[in-house]
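Visitor: I've just loaded this one and would like a quick tour. Can you start with how the strands pair?

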Amino acid sequence: MFSGPLPSCFGSIQGLSFLSITNNQLTGNIPSQICNASSLEILNLSNNKLNGSLPPCLGNFSENLSVLDLGNNRLEAMIPIFSKVKSLRSLNFNRNQLEGPLPQSLRTCKKLEVLDVGNNKINGSFPNWLESLPELQVLILRSNRFYGPVGNPTTRFPFQKLRIMDLSNNNFIGHLPRQYFESLSAMMESHAVEFGYMGLEGYYMDSVMVEMKGVSMQLVKIQKIFTTIDLSRNQFVGEIPNLIGRLKSLHGLNFSHNKLSGSIPPSLRNLSNLEWLDLSSNELVGVIPWQLTDLTFLASLNLSHNKLDGPIPRGKQFNTFDNDSFIGNLRLCGPPLSKACNNEQEQPPSPRNVQQSEDDGFDNWKVVLMGYCSGLVIGISIGYIVLSSGKFDLWFAQRFGGRTRFKRGRRRN
């Protein structure tokens with residue numbers, strides 16, 4: 001294990017393209033001589049004890065630089081301006097003490113896929129100029145000092161490739177960013193991405209710290225199929241938009257510790273890959289949608305400390321959740337809570353009952369159609385006169401818009 005200052009002689013090594021001294025005990029400042037290594041493509045000094053400010057030259061010393069990972073050190077002061085690192089695809093400053101605004105010069109890094117500046121002291125409003133980065137897949141801003149509203153797009157289709165969005169533990173306000181949710185194309189297709197890991201195989205694998213199932217975890221490799229949204233511990237208000245149900249590839253969703261109101265949208269049933277859902281510590285009301293029992297991969301659920309009421313749905317994964325998932329909702333009843341439901345509290349419909357209701361409606365249509373067919377025998381002879389006159393097509397177009405399609409509803413399982 002290496003200890004002591006980072007040798008300045010690395011900057012004088014001709015043709016040096018790869019420098020990784022991670023998980024050691026390096027101390028002191030990063031010497032500015034490192035910027036003389038103009039052929040560097042990967043610089044990884046993460047997980048050390050480096051301190052002081054970043055050399056201003058780090059943002060423009062190598063046009064070939066693809067990875068800059070200085071995560072988990074003790075670096076401070078401001079992030080330098082990036083002007084010549086056009087090839088940069090991964091930037092990791094997580095777990096330092098950096099402050100000041102996020103430099104807008106990063107918008108010139110059009111190949112950037114991973115931006116992780118979580119757990120620092122960076123301030124400013126939400127950097128919506130990041131929308132202009134067409135390859136951005138991982139955005140980590142958690143545990144900083146960002147503030148203000150989120151979700152005023154400046155581009156037509158923002159964040160289309162984004163798969164990890166972590167804005168947690170800041171001071172963002174206003175409604176949830178509905179307009180961003182509408183554009184998260186990479187989170188909408190559950191099987192569109194081939195299995196693999198992000199990074200440069202054999203040289204550097206991207207890693208990220210995320211909160212999964214209530215626990216902060218370091219992903220030493222990021223699967224390309226992994227998707228999550230974490231907007232917890234902010235000041236968001238309003239309702240959860242129904243369109244969240246479109247993000248079918250989501251594995252994790254965390255809106256906890258905000259001021260969200262309204263009901264839980266049943267459209268969440270469409271998140272068929274969801275493994276954890278945390279909506280705790282908000283002001284949500286109404287019943288828990290029985291449709292959530294369709295989430296067969298759901299391993300962690302937290303709806304505690306809201307204003308939910310009525311019986312807790314049972315069946316499938318819901319039978320595995322304990323009291324902690326529902327405590328703090330004084331009007332909830334039924335297992336696993338000790339409070340029993342009384343006769344006045346309406347039981348949630350089971351999928352079987354809903355299907356039966358739909359079947360009954362279909363049988364009613366059979367009766368209507370039988371009566372219709374009886375009249376059809378009499379009316380067809382009269383209708384033939386109208387049809388043969390050639391005026392029927394014009395009347396039909398004016399009345400029904402020219403084209404009609406009948407789609408038979410699909411039964412729920």
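Guide: Strand S11 (residues 121-125) pairs with strand S13 (residues 145-149) in the parallel sense, over three bridges. This is a predicted model, where local features need pLDDT of at least 70 and side-chain atom pairs count only at pLDDT 80 or more, while totals for chains, interfaces and linings use all residues. Residues are numbered from 1 along each chain as its sequence is written, and side-chain values use heavy atoms, with hydrogens and water left out.

Visitor: What counts as a strand here, and as a pair?

Guide: Strands (E, at least two residues) and helices (H or I, at least four) are DSSP runs, numbered from the N terminus. Two strands pair if DSSP finds at least two bridges between them.

Visitor: Which residue in S13 is the bridge partner of Asn123?

Guide: That's Arg145.

Visitor: And which way do S13 and S15 run, parallel or antiparallel?

Guide: Parallel, with three bridges joining S13 to strand S15 (residues 171-175). There, Tyr147 has Asn171 in S15 as its bridge partner.

Visitor: Switching topic: how many disulfides does a search of the whole structure find?

Guide: Two, taking a disulfide as a pair of cysteine sulfur atoms within 2.5 Å. One joins Cys35 to Cys57, with S to S at 1.9 Å. That link is right-handed, with 75° about the S-S bond. It ties distant parts of the chain together, 22 residues apart: Cys35 is in the loop between strand S3 (25-28) and strand S4 (42-44), and Cys57 is in the loop between strand S5 (49-53) and strand S6 (67-69).

Visitor: Is Cys35 buried or exposed?

Guide: Cys35 counts as buried because its relative accessibility is 11%. The cut-offs are under 20% relative accessible area for buried, over 50% for exposed and partly exposed in between (1.4 Å probe, protein chains only).

Visitor: What about the disulfide of Cys333?

Guide: Cys333 is joined to Cys341, S to S 2.0 Å. This link is right-handed too, with 100° about the S-S bond. Cys333 has a relative accessible area of 0%, so it is buried, whereas Cys341 is partly exposed at 24%. Counting bonded cysteines along the chain, the disulfides follow the pattern 1-2, 3-4.

Visitor: And how accessible are Cys9 and Cys109?

Guide: Cys9 is partly exposed, at 45% relative accessibility. Cys109 is buried, with a relative accessible area of 0%.

Visitor: Back to sheets. What is the order of the open sheet of three strands?

Guide: The order is S25-S27-S28, with parallel pairing. Strand S25 (285-286) and strand S28 (331-333) are at the edges with a single partner strand each, so one side of each has no neighbour in the sheet. Strand S27 (residues 307-311) runs parallel to S28, joined by three bridges. In that pairing, Asp309 has Arg331 in S28 as its bridge partner.

Visitor: Got it. Which residues make the nonpolar surface patch?

Guide: Phe195, Tyr197 and Ile225 make a patch of about 280 Å². Tyr197 sits in the loop between helix H1 (178-181) and strand S16 (199-200), and counts as partly exposed at 31% relative accessibility.

Visitor: What are the rules for a patch?

Guide: Patch residues have over 30% relative accessible area and no salt bridge; nonpolar side chains (Val, Leu, Ile, Met, Phe, Trp, Tyr) are joined within 5 Å, and like charges within 9 Å. A salt bridge is a side-chain nitrogen of Lys or Arg within 4 Å of a carboxyl oxygen of Asp or Glu. The areas come from the Shrake-Rupley method with a 1.4 Å probe, and for residues only the protein chains shown count as cover.

Visitor: Where does His251 lie?

Guide: His251 is in the loop between strand S21 (235-238) and strand S22 (252-254), and is buried at 13% relative accessible area. Its side chain reaches the backbone oxygen of Ile225 at 3.5 Å. A polar atom of the His251 side chain also lies 3.1 Å from the backbone oxygen of Ser249.

Conventions
Polar contact = N/O pair within 3.5 Å; in protein donor to acceptor, adjacent residues only side chain to side chain.
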